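The sequence and the structure come first.

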Amino acid sequence: MMEWAKTVCLVLWAFTINSTADEFQDHALSLMADTPLIDGHNDLPWQMRSLFNNQLNTVDLYKLNTTHTNIPKIKEGRLSAQFWAAYVPCETQYKDAVRQTLEQIDVIHRMCHQYPEVFKFAASSDDIMQAFNENKTASLIGVEGGHSIDSSLGTLRTMYQLGARYLTLTHSCNTPWADNWLVDTGSDPVQHDGLSDFGKLVIREMNRIGMMIDLAHVPVTVMKQVLEISAAPVIFSHSSAYSICNHKRNVPDDVLMEVKRKEGIVMVNFYNDYVTCQNVANISDVADHFDHIKKVADASIIGFGGDYDGVPRVPEGLEDVSKYPDLVAELLRRKWTDDEIRDALGRNLIRVFREVEAVRDRMSGTKPDDTPIPLKEVQNPCRTDYGYESSSAHTQSFYPLVLVLTLLNKLF
């Protein structure tokens, strides 16, 4: 009789646990039905290049199963808006970074054209909401790495015209105008003490055109400089909390407070190495970062920045993009309010985006900055210098005259 009673108790306990879990999951799905989940960073476009050389015609995103991201997983994960990364490696700097970045922008546009029933290209905060109302995934572009603009404000503006709505100032290499996060590890040298004078012009021009400034890969010096000089809120598209995991890609508490003051957003990264500073992590560990940022700053600066398809290791319970509802359920289990969840899902990013657009509108009377970067800061064998006062073209135009004068001198 006692054994029978124990069995009944165990069954009732298991039923209660499952019932509670279902309750949190159902609640999560309900919130995600009325508020768009916006993720700050996904590297599927790079997978298209590395796996298929951007030959989308050879890929079926409904059936692709070697990546964190495909269409069935997107639908299951209730992914309402995604910033797709137009990323090219640092090895392209001073070579073909601009061409390769344009090709990554192109592949994102082609994804939208090839699957119009799933993806809707978006270039504004209103576009995100329009796609959400149509039950499609708003597809936005973020250029990951300042090397992609080849130290050119004209290239920056052109990429904006092509739909890019944020620029990550550096990736994992210094540019001629900004230091990268590896400076804080000591593995890369300090070149600019943060931003150069031209780097500060990049920030102001991004404010003017309405492009979000992404600080995900920069050192603390650059974080603080940009937070000081930018007229618009900033984003960390895929970074986590440094106090939880002391990795230099993460955001220290004092910077979190500055992001709060600036009304920006930190979109939490799921990469194990940034979550636990180890090879392994789980969904609870990721939620710890959400909790910490909320405690230090506020739920009003938190978002999702999974970094799917850009990292080799993701936490148990967050194996791919289908698992977002499970993370939302975990936050509910930790007593996050509905308003806090809605903020983190998408309202925070929409607010930041709209303020960036408002700054752009207020600066609409300001002329584009056409100041070139000083030649000495970018001169290298792979770069021509047409247009500069000491350019090869300018010098070559005097070669015939120099030759004539030399001959006359010899004659007389």
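## Strand E4 and its partners

Val143 stands opposite Leu167 in E5. E4 and strand E5 (residues 164-168) pair in the parallel sense over four bridges, where pairing requires that DSSP finds at least two bridges between the strands. Helices (H or I, at least four residues) and strands (E, at least two) are DSSP runs, numbered from the N terminus. From E4 the chain passes through helix H6 (residues 153-161) to E5, in a right-handed β-α-β crossover. Right-handed here means that, with the strands pointing away from the viewer, the path from the first strand over the helix to the second runs clockwise.

The model is predicted: local features need pLDDT of at least 70, side-chain atom pairs count only at pLDDT 80 or more, and totals for chains, interfaces and linings use all residues. Residues are numbered from 1 along each chain as its sequence is written, and side-chain values use heavy atoms, with hydrogens and water left out.

E4 also pairs in the parallel sense with strand E2 (residues 79-87), over seven bridges, and Tyr87 has Glu144 of E4 as its bridge partner. E3, helix H5 (residues 125-133) and E4 make up a right-handed β-α-β unit.

Eight of the eight residues of E4 (residues 137-144) are buried, that is, under 20% relative accessible area, against over 50% for exposed and in between for partly exposed (1.4 Å probe, protein chains only). Both faces are covered: one side carries Thr137, Ser139, Ile141 and Val143, the other Ala138, Leu140, Gly142 and Glu144.

## Nonpolar cores

A nonpolar core is a set of buried Ala, Val, Leu, Ile, Met, Phe, Trp, Tyr and Cys residues joined through side-chain atoms within 4.5 Å. The largest such core has 94 residues, and Leu61, Phe119, Leu169 and Phe304 have the most contacts inside it. A second, separate core has 20 residues, including Ala81, Ile235, Ile350 and Phe353. Beyond four places in sequence, Leu61 is in contact with several residues, among them Leu44, Ile71, Met111 and Phe119; contact means heavy atoms within 4.5 Å.

## Disulfides and other cysteines

Counting cysteine sulfur atoms within 2.5 Å as a disulfide, the model has two disulfides. They follow the pattern 1-2, 3-4, with bonded cysteines counted along the chain.

| Disulfide | S-S distance | S-S torsion | Hand |
|---|---|---|---|
| Cys90 and Cys173 | 2.2 Å | about -85° | left-handed |
| Cys245 and Cys277 | 2.0 Å | about 105° | right-handed |

Cys90, in the loop between E2 and H4, and Cys173, in the loop between E5 and helix H7 (197-209), are 83 residues apart. Both Cys90 and Cys173 are buried.

Cys245 lies in the loop between strand E7 (235-236) and helix H9 (253-262), and Cys277 in the loop between helix H10 (272-275) and helix H11 (283-296), so this pair ties together parts 32 residues apart in sequence. Cys245 is buried at 0% relative accessibility, whereas Cys277 is partly exposed at 39%.

Of two further cysteines, Cys112 is buried at 7% relative accessible area and Cys382 is exposed at 59%.

## The loop at Gln93

Gln93 lies in the loop between E2 and helix H4 (97-114) and is buried at 10% relative accessibility. Its contacts beyond four places in sequence are His147, Cys173, Asn174, Thr175 and Pro176. Gln93 and Gly146, 53 residues apart in sequence, are 9.4 Å apart in space, C-alpha to C-alpha.
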